[in-house]
Amino acid sequence: MYIDYIDVYRYNWFMDKIFKALADINRRKILTLLKEKEFSVNELLEGFDIGQATLSNHLSILRKAGLVDCKILGKQRIYRLKKDILLAFAENMRRFAGKLDESFVEEIAIRGIRV
């Protein structure tokens, strides 16, 4: 029973990290860029209007969420998207959404209109 609790705890912690990582537009842009190829920090920085420290902070959050990986080549850090983690997250969300019945979805839509 204790192991089940730990697994649920780890699962929720992992999901919280991913949701936090995806909440920022700059981090979503980083993931979009990394979808095509690996980039160094300096190469990524060219596509943003932010400083290197801010970009590094965003990359750190993405690494903690498990969405990107980093390898060190000399003084450069090369980042790549961990597609397997992103796909697992997307599948998990698909399964979650599949459990919602139509009345629940309609209720959410109605509340959205009224607000």
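## Helix α4

Helices (H or I, at least four residues) and strands (E, at least two) are DSSP runs, numbered from the N terminus. The structure is a predicted model, in which local features need pLDDT of at least 70, side-chain atom pairs count only at pLDDT 80 or more, and totals for chains, interfaces and linings use all residues. Residues are numbered from 1 along each chain as its sequence is written, and side-chain values use heavy atoms, with hydrogens and water left out.

Helix α4 covers residues 52-64, and its 13 residues should span 18 Å at 1.5 Å a residue; the C-alpha atoms at its ends are 18 Å apart, which agrees. The expected span is 1.5 Å times one less than the number of residues in the helix. The buried residues of α4 are Leu55, His58, Leu59, Ile61 and Leu62. Viewed down the axis of α4, these buried residues fall within an arc of 155°, so they line one face of the helix. The arc is that of the directions from the helix axis to the C-beta atoms. An α-helix has 3.6 residues a turn, so residues three or four places apart point the same way. After α4 comes Gly66, which has a positive phi, near 85°.

## Overall organisation

The protein chain contains six helices and three strands. Along the sequence, these elements follow the pattern α-α-β-α-α-β-β-α-α. Of the 115 residues in the chain, 24% count as buried.

The accessible surface of the chain, computed by the Shrake-Rupley method with a 1.4 Å probe and with only the protein chains shown counting as cover for residues, comes to about 8,600 Å². Carbon and sulfur atoms account for 56% of this surface. Contact means heavy atoms within 4.5 Å. Among contacts in the chain with a separation of 6 or more, 52% join residues 24 or more positions apart.

## The nonpolar core

A nonpolar core is a set of buried Ala, Val, Leu, Ile, Met, Phe, Trp, Tyr and Cys residues joined through side-chain atoms within 4.5 Å. The largest such core has 22 residues, and those with the most contacts inside it are Ile30, Leu34 and Leu67. At least two residues of this core come from each of α1 (2-22), α2 (25-36), α3, α4, β2 (68-73), β3 (76-81) and α5 (83-98). The largest share, four residues, is supplied by α4.

Two residues illustrate contacts across the sequence. Leaving out residues up to four places away in sequence, Leu67 touches Ile18, Ala21, Leu22, Leu31, Leu62, Arg80, Leu81, Lys82, Ile85 and Leu86. Leu55, which belongs to helix α4, counts as buried because its relative accessibility is 0%. With the residues up to four places away set aside, Leu55 touches Ile30, Val41, Leu44, Leu45, Phe48 and Ile50. Leu55 and Arg27 are 28 residues apart in sequence, while their C-alpha atoms are 8.8 Å apart.

## Helix α2

At 1.5 Å a residue, the twelve residues of α2 should span 16 Å; its end C-alpha atoms are 18 Å apart, which agrees. The buried residues of this helix are Arg27, Ile30, Leu31 and Leu34. Down the axis of α2, the buried residues fall within an arc of 100°, so they line one face of the helix.

The face of α2 turned away from that buried side carries the exposed residues Ile25 and Glu36. The N-terminal end of α2 is capped by Asp24, with a side-chain oxygen 2.8 Å from the backbone nitrogen of Asn26.

Ser40 lies in strand β1 (residues 39-40) and is buried, with a relative accessible area of 4%. Apart from its neighbours within four places in sequence, Ser40 is in contact with Gln76, Arg77 and Ile78. The side chain of Glu43 reaches the backbone nitrogen of Ser40 at 2.8 Å. Glu43 itself is found in helix α3 (residues 41-45) and is partly exposed, at a relative accessible area of 38%. The C-alpha atoms of Glu43 and Ile78 are separated by 9.3 Å, although these residues are 35 residues apart along the chain.

Leu73, in strand β2, is exposed, with a relative accessible area of 51%. Leu73 and Ser40 are 33 residues apart along the chain, and their C-alpha atoms are separated by 9.5 Å.

Notes. Buried < 20%, exposed > 50% of the residue type's maximum accessible area, 1.4 Å probe, protein only. Polar contact = N/O pair within 3.5 Å; in protein donor to acceptor, adjacent residues only side chain to side chain.
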